[in-house]
Amino acid sequence: MTSIQQHAQLDWDDQGRPRSRVFDDVYFSDQSGLDETRYVFLEQNRLAERFAALPHDGRLVIGETGFGTGLNFLCAWQLFEQCAPARARLHFVSVEKYPLSPEDLRRALALWPSLQVQAEQLLGQYVAIHQGFQRLVLANGRVTLTLLIGDALEQLPQLDAQIDAWFLDGFAPAKNPEMWTAELFAELARLAAPGSTLSTFTSTGWVRRLLNAAGFKMKRTPGIGHKWEILRGAFLGWPQQTPAPSPVKPWYARPAARVGERRALVIGGGLAGCASAASLAARGWQVTLLERHAGLAEEASGNPQGVLYLKLSAHGTALSQMILSGFGYTRRLLEHLQRGVDWDGCGVLQLAFNHKEAERQAQLAEAFPVDLLRPLAQAEARSRSGIGLACGGLFYPEGGWVHPPALCRWQAASPAIEVQAHHEVLELRRVDGQWQAWDGERCLASAPVVILASAAEIKRFEPAAGLPLKRIRGQITRLPQTARSQDLATVVCAEGYVAPPRLGEHTLGASFDFSSDDLTPTAAEHAGNLQMLKEISEDLLDRLDAGALDPQRLEGRAAFRCTSPDYLPIVGPLADSQAFNEAYHALARDARQVPDIPCPWLDGLYVNSGHGSRGLITAPLSGELIAAWLDNEPLPLPRSVAEACHPNRFALRALIRGKA
């Protein structure tokens, strides 16, 4: 069961400085927290010279235990902007069990006017910070912050990264001994890149000895302020007497890091394609986005309103972790768009429309904090939604609706992305280290990397033909708002959903049809959607003058969702299927074997598909996941979740079941 994440409980002294009630300790020195941070963490890790020495498109990865008020992060970011080349990038990964509330963070950071430029950007993106991995993109993509929300010894073992410099922070060892253990230091060593450095404000002898035993070479050095001594050191290598951590299984290991030109083709201009292109463009890639229609988001991503709806599990499944991380990432992206036209954070109300759903909601309410979801009784649900309802339900205050084409256009607006419309790719060819995209007659474009992001259409390409993607037709209905229907204040969901008005229309949907290949909207499905609306709210049906609505004359659109058998997206590098089966055929006899054979990757070929009806939540973060693989960066998701979404999972299952 997921543990409920709590915000930090703070007291404030007469100078306005925060103190943790749980740990009875200060967040920063009562003399000069800024000077201490710069001396203990920036100077001891030699960050100024290391930033300055980065190649023009290089990067440095900092890891931290204890994000706290973000002071260390903001100081590192400020120094990075002062010293690093213009196109270099900073990755900062920090674990935090008790994140500050947005209000407390703003109050704490107001103490440091010299960090205001960075602090305002952080505060602007500090929304939907929930359990697990939460990625924030700052400084127009130049700075990436990945917050691991939860206990350090639960979160760090899930991290896939190579850390160049460690900030060992957190509350003092005497106040928070759980943060200063051999188990934690073993994780720091597992994640340390060759030559990684580490510094910490403590000089406690047992901390130094434990770090040395983990493979770091630590030494005491003069301190600052009231700290006589501190510790700094470097990672020498995994200690010989300690069993090495288990390697990643070869079929999930990262493909070899790419060298050479950073150009990519993305096939498909919907949510998955635009997200993939945006994540690469932010890293300095030149991207050609090929779309067969006249513009972006003309298929499943083209609905007027999609819902930011979190179908979570109380049991921390891979899908639930993906949704929680993806929701936060998308929700932060929306802060760049125009509220009211491109999106609205009006909240989402999921009705407890039968006994089974009510039981599921009760489990979720016990597993998650109230700032993510909270149960509403019928009267409160009616008040919140603005319409009559037959029952209460679960309210997601940070949810809402999005106009997906606006998100796609914003993501594709980078000058590093060239959108080529009316370019339908029918075939891929590999020639001289380049992937060529052909329309049958001519080569449309070529690049060393291709990302297939055209939903189920990716199966037309031979390397992806075996992926078990299926199409499900869905139809939405557009309903003109009335003077009485505009009272609808939140998205309301049951079997279907209805959204508050956007530009004078409500969106109602969506049907599920597993058999039809025809995308012409039908009156029968408009009628079915109206029946779903009746089950959501008879009052709203009346407010929309439903008696006067003729299904034959209603407007709407149909598109195909694309989903996988396990409802997780399919995201990652593609392997040669025949060579894969030959390399790992031993698994058919013994699934516990791990043959020491590198995976036969199709060099530079990736897929971002299978998002079903959750594309708004899972597709944008999946773009970050692919970019992390391509640039050998920290993954934005737990390793286990990335593996659960990996294209190789299906070939692996087939081998183990003897069906390959």
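Which backbone nitrogen does the side chain of Ser 511 reach? Select Ser 511 and Gln 475: the Ser 511 side chain comes to 2.8 Å from the backbone nitrogen of Gln 475.

This is a predicted model, where local features need pLDDT of at least 70, side-chain atom pairs count only at pLDDT 80 or more, and totals for chains, interfaces and linings use all residues. Residues are numbered from 1 along each chain as its sequence is written, and side-chain values use heavy atoms, with hydrogens and water left out.

Stay on Ser 511. Show its contacts (heavy atoms within 4.5 Å). Beyond four places away in sequence, Ser 511 touches residues including Arg 473, Glu 525 and Arg 561.

Next, the rings. Rings of Phe, Tyr and Trp (its six-membered ring) pair if their centres lie within 6.5 Å; planes under 30 degrees apart count as stacked, over 60 as edge-to-face and the rest as tilted. The count comes to eleven aromatic pairs. Select Phe 51 and Phe 80: their centres are 5.2 Å apart and their planes at 85 degrees, so this pair is edge-to-face. Both residues are buried.

Move to Trp 180 and Phe 201. This pair is also edge-to-face, at 5.8 Å centre to centre and 85 degrees between the planes. Trp 180 is buried at 1% relative accessibility; Phe 201 is buried at 13%.

Finish with Arg 429. Its charged end sits over the ring of Trp 438, 3.7 Å from the centre. The rule: NZ of Lys or CZ of Arg within 6 Å of the ring centre and within 35 degrees of the ring normal.

How values were computed
A polar contact is a pair of N or O atoms within 3.5 Å; within protein, one must be able to donate a hydrogen and the other to accept it, and residues adjacent in sequence count only if both atoms are side-chain atoms. Buried means under 20% relative accessible area, exposed over 50%, partly exposed in between (1.4 Å probe, protein chains only).
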